[in-house]
Structures are given as C-alpha cells and as structure tokens.
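Trainee: I have a new structure to study, and I would like to walk through it with you. Could we take it step by step?

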Amino acid sequence: MGYQAKLRVWRGDDDGGALQDYSVEVNEGEVVLDIIHRLQQTQTPDLAVRWNCKAGKCGSCSAEINGRPRLMCMTRMSTFAENEVITVTPMRTFPVIRDLVNDVSFNFEKAREIPSFRPPKDLQPGEYRMQQEDVNRSQEFRKCIECFLCQNVCHVIRDHEDNKKAFAGPRFLMRMAELDMHPLDTHPNRAEEVQDEHGLGYCNITKCCTEVCPEHIKITDNALIPMKERVADRKYDPVVWLGNKLFRRQ
Ligand code: SF4
Ligand code: SF4
Ligand code: FES
C-alpha cells in the first residue's frame, strides 16, 4: 500500500541554501533514492542528485539521511515510520555543488598523495607469490566502493576544515595500511610517512568511520589500529628501529 512521505530536502549551492518540505508518494519496497527520483520527476525537475548503480556498488549516492551518513540507494523507506519527516542533506564535510551533490575532489587529491605499490624490481607481473593469509587481509580493504561516507563522518575533518591539509582520512589511511601490510611492497618508510605526512596521529580510534561503512569494512580495527601499532614499532621501538636501519626491505 502506498502512502505520502514527508520529505525535507536541502536545496541550494555553495553560496547557501535551505531545507524544503515535500510530500512524495512511496510504494512498497522502495528506497530513499526512489523517492528522491520521484520528487525530481514530479515536482522539482531541477533537483541535483548523483547516482549510478542503485545497487550500493558505485558509491555515488552518499548523503545524510536524518543526519546519518548513508547511501540513498541502500536505505529502505520501510526503516522509517510513515508519519516521520525524512531529512535528506548533502554530506557536510565536503563543499556542495548543488542540492544533494557534493564536490568530493578532496578525496581524489588525497588519493594522489599516496605513494603507489612498489614491488621488488626483479619480479615481473605474474611472478608475485603471496600467502593466502596476506591476500585475505588486503581483500577486505579492496571492497571499498569510495563512497567517502567514512571521510564525511570523521570528526577530524568534519568539524575542522583546517585539518584537511594534514589528514588523509580513514579511507586513505586504510589504503596506506593495506600497502604497508603487503608482503611484496618495498617502500622503505611507509609507516613513518603515514604518521608524519598523512596524519595518522589525528585519529583517536572513535570507530565512527567503521560504523557508517556500507561495505562493513572494519576500518579501525583491521587497518588503523594495526597501522598505529606498526608505526609505534618502527618509530619508537629502539630494537625495531635499529633493525630497520640495518636490514631495510629492498
Ligand atoms: S576512527 Fe579515526 S579515522 Fe575513523 S572516524 Fe574515528 S578519528 Fe576518524
Ligand atoms: S571504506 Fe567504506 S565508508 Fe569508506 S569510502 Fe570505502 S566503502 Fe565508503
Ligand atoms: S547509486 Fe550506486 S551506490 Fe547508490
């Protein structure tokens, strides 16, 4: 049975905007993105919204629904009461282009700053050999769909614009952890760099990033905390420090 949902959507651009109320039809089995599309089709043809797959795999439809960072295509309308006001706003941490569309170029800049995987010079593609355990460890991190909800929710940059320069954010700290754990990576001082140049020290393991990840990646437990331990070992344990100086991975 259909009903009319009370929708409150942020409309505006980088110069400012406001929440506007709408009443939109909802049918059984629909998700928030369906309702936003129906609003666009029937009342607000100029409403800007970004999406691609409608299957939780492209990472395009990130927004805040009742203040919680979520994918619009993976949020069922049945999770809300029929008389509840559902507020949809763009992600708060990134600038707005228009309506529900953010400018997420901050994330692409951070991605470019990460030194890429550096395999041993004498190995050709096809000659890489790894333990299954090592493969499994990085497999979890490779599920990332780059929705940037974790980046959006992290208080280090959500509330402090001035931290953005020095802090890569959970998605990219996780990427650096993945590379540092890779048995064939020969980058000599990734752990030092992630601490000194990409702001791992700002993270105080609140786990908010893990809570919003639609891929259920254990960002904090499996990437950030192990990375902090590796940094502590390499930077502050005198025995490990000396060993690294003498027998650094080639
Ligand atoms: S655990 Fe660290 S990276 Fe994740 S949200 Fe908290 S402070 Fe940010
Ligand atoms: S780690 Fe999770 S929340 Fe962060 S960008 Fe990837 S999929 Fe999105
Ligand atoms: S539209 Fe692709 S993740 Fe939502």
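Predicted model: local features only at pLDDT ≥ 70, side-chain atom pairs only at ≥ 80, totals over all residues.

Trainee: Now for ligand 1: which helices each supply at least two residues of the shell around it?

Mentor: Start from the residues around ligand 1, among them Cys154, Val156, Cys208, Cys209, Thr220 and Leu224. Cys208 and Cys209 are in that list, and their numbers fall in the range 208-212 of helix 8.

Trainee: How many residues of the shell around ligand 1 are charged?

Mentor: Asp, Glu, Lys and Arg are the residues that count as charged. The shell divides into eight nonpolar and three polar residues, and the number of charged ones is one.

Trainee: How are helix 3 and helix 6 oriented, roughly parallel or roughly antiparallel?

Mentor: Helix 3 covers residues 132-141 and helix 6 covers residues 170-181; their axes are 10 Å apart, at an angle of about 170 degrees. Angles over 145 degrees count as roughly antiparallel. So helix 3 and helix 6 are roughly antiparallel.

Trainee: Which residues of helix 6 make that contact?

Mentor: From helix 3, the contact uses Arg137, Ser138 and Phe141. Counting both helices, the contact has three nonpolar, one polar and two charged residues. On the side of helix 6, the residues are Met174, Glu178 and Met181.

Trainee: Let's turn to the strands. Which residue is the bridge partner of Gly12 in strand 2?

Mentor: Strand 1 (residues 3-13) and strand 2 (residues 16-26) run antiparallel and are joined by 11 bridges. They form a hairpin, with two residues between the strands. Across this pairing, the partner of Gly12 is Gly17.

Trainee: Which residue in the turn between strand 3 and strand 4 has a positive phi?

Mentor: Strand 3 (residues 62-65) runs antiparallel to strand 4 (residues 68-71), with four bridges between them. One pair of bridge partners is Ala63 and Arg70. The two strands form a hairpin with two residues between them, and the one with a positive phi, of about 50 degrees, is Asn66.

Trainee: Last one: what distance separates the centres of domain 1 and domain 2?

Mentor: The chain is divided into domain 1 (1-99) and domain 2 (103-245). Their contact takes 14 residues from domain 1 and 15 residues from domain 2. Taken over C-alpha atoms, the centres are separated by 31 Å.

Key: Residues numbered from 1 in each chain as written. Chains lettered and ligands numbered in written order. Pairing = 2+ DSSP bridges. Axes fitted to C-alpha atoms, helices over the stretch in contact; angles between N-to-C directions. Parallel < 35°, antiparallel > 145°, perpendicular 65-115°, else oblique. Contact = placed C-beta atoms within 7 Å. Domains from an automatic or database assignment. Near = placed C-beta within 6 Å.
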